[in-house]
Structure formats: structure tokens, C-alpha cells
Amino acid sequence: MKLLHVIDTISMWVGKIARWAALLLSLVVLYEVISRYIFNRPTMWAFDTAMMIYSFLYLFGAAYVLWEGKHIRVDVLFNRYPKRVQAAIDVFFYVVFFFPYVVIMIWWGTKATIWSFTGEEISNTSQWGEKIWWWKMMIPAGFSFLFLQGIAEFVRSVGRVFGRENGN
């Protein structure tokens with residue numbers, strides 16, 4: 001299906017962008033370590049910046065990891081079942097666990113972002129005092145990408161239940 005390919009492409013590109021966040025995170029932490037321990041001049045911004053970058057990496061990388069099929073799964077019994085039974089189990093877990101959780105996180109994250117924006121919330125972990133509504137906005141955005149990829153994986157699982165080899 002063309003729609004599934006579009007969703008996969010979105011997840012792939014979001015994941016590629018998120019991978020660069022790992023490099024940026026390493027550079028921020030390296031800068032802070034050198035500033036703090038070699039020059040005895042710690043920064044006000046490095047801790048919060050590192051937390052924000054890590055949040056971005058975690059939240060935006062989730063859809064990519066789902067697309068790659070690399071999320072943690074207990075395979076001890078799962079791999080012993082035929083492919084159609086595995087697909088039926090996946091469908092069950094998407095409906096009962098995945099979609100409710102992701103929808104709640106999108107809803108809660110949107111609510112937290114709005115509260116943070118309207119309340120002009122600032123970080124309480126440093127003296128930098130930056131506004132954090134855009135940091136909280138990563139929650140519904142990242143989970144929205146995960147939701148999209150979840151739809152694609154769900155459709156594929158339903159297809160495998162009905163005997164289509166690749167699920168499309």
C-alpha cells in the first residue's frame with residue numbers, strides 16, 4: 001500500500017534526524033566535561049540542553065525503532081508459533097496495549113504542553129531558566145510519529161493474519 005510506504009518513509013527520516021541528535025548530545029556533554037573539569041568553568045545550559053536532546057532522541061527515535069522491528073519483545077514462546085499466530089498476537093497487543101498507551105501519551109503531552117505554554121513554565125533544574133513548553137511539545141510530537149508507524153505495523157499484522165506474506 002502506498003500509505004504504508006509513506007508512513008515508513010516518514011519514520012525513516014525522523015529516525016535519521018534523531019540519529020544526529022546522538023552526536024549533538026555527545027558534543028554537548030563533552031563540552032560540559034571539558035569546561036567543568038579542565039577549565040573549572042561549568043556552564044548553566046549544558047545539563048538542560050543535554051536532557052532536551054536526549055528527550056528528542058528517545059521520543060523521535062521510537063517510530064524508527066518500531067519500523068526497524070527492534071523494540072524489545074519476549075521471544076521465548078512467540079517465535080515458536082506459526083507466523084499467522086504471531087501476527088494475531090501482535091494485533092491483540094496493538095489494540096489492547098499499544099494504541100491506548102500512545103493515545104494517552106499524545107493527549108497528556110498535548111495537555112502538558114498547553115499548560116506549560118500558558119503558564120510560562122521555566123526549567124527548575126538550572127539557573128538558565130529557559131522556557132520548556134517546546135521541550136514538552138516533543139512528547140505529543142514523538143508519540144504522534146510512533147502512532148503513525150503503529151498504524152502501519154498494525155495493518156501489516158492484520159494482513160499477515162489473513163495470509164498475506166508481507167502484510168500489505
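A crossing is termed left-handed if the near helix is turned anticlockwise from the far one by less than a right angle, and right-handed if clockwise. By this criterion, helix 4 and helix 6 cross in a left-handed manner. The model is predicted, so that local features require pLDDT of at least 70 and side-chain atom pairs count only at pLDDT 80 or more, whereas totals for chains, interfaces and linings use all residues. Residues are numbered from 1 along each chain as its sequence is written, and side-chain values use heavy atoms, with hydrogens and water left out.

Helices (DSSP runs of H or I, at least four residues) are numbered from the N terminus. Helix 4 (residues 83-118) packs against helix 6 (residues 138-161) at an angle of about 165°, the two axes lying 9 Å apart; axes are lines fitted to C-alpha atoms over the stretch in contact, and angles run from 0 to 180 degrees between N-to-C directions. Helix 4 is therefore roughly antiparallel to helix 6, a term applied to angles over 145 degrees. The contact of helix 4 with helix 6 comprises 22 nonpolar, six polar and four charged residues, where Ala, Val, Leu, Ile, Met, Phe, Trp, Tyr, Cys and Pro count as nonpolar, Asp, Glu, Lys and Arg as charged, and the others, Gly among them, as polar.

Helix 1 and helix 2 pack at an angle of about 155°, with 7 Å between their axes, and are therefore roughly antiparallel to each other. Their crossing is left-handed. In the contact of helix 1 with helix 2, 20 residues are nonpolar, four polar and three charged.

The largest pocket holds about 860 Å³ of space. A pocket is an open set of points on a 1 Å grid where a 1.4 Å probe fits, with protein on both sides within 12 Å along at least five of seven lines; lining residues have an atom within 4 Å of a point. Of the 26 lining residues, Leu66, His71, Arg73, Asp90 and Tyr94 lie nearest the centre of the pocket. Helix 2 (46-68), helix 3 (75-78), helix 4 and helix 6 each give two or more residues to the lining, and helix 4 gives the most, with 11. The lining divides into 14 nonpolar, four polar and eight charged residues.

Most residues other than glycine have a negative phi. Asn40, in the loop between helix 1 (2-38) and helix 2, has a positive phi near 55°. Glu120, in the loop between helix 4 and helix 5 (133-136), has a positive phi near 50° and is exposed at 55% relative accessibility.

How values were computed. Angles under 35 degrees count as roughly parallel, over 145 as roughly antiparallel, 65 to 115 as roughly perpendicular and the rest as oblique. Grid points are joined across faces, edges and corners, and a volume is the space filled by probe spheres set on the points. Buried means under 20% relative accessible area, exposed over 50%, partly exposed in between (1.4 Å probe, protein chains only).
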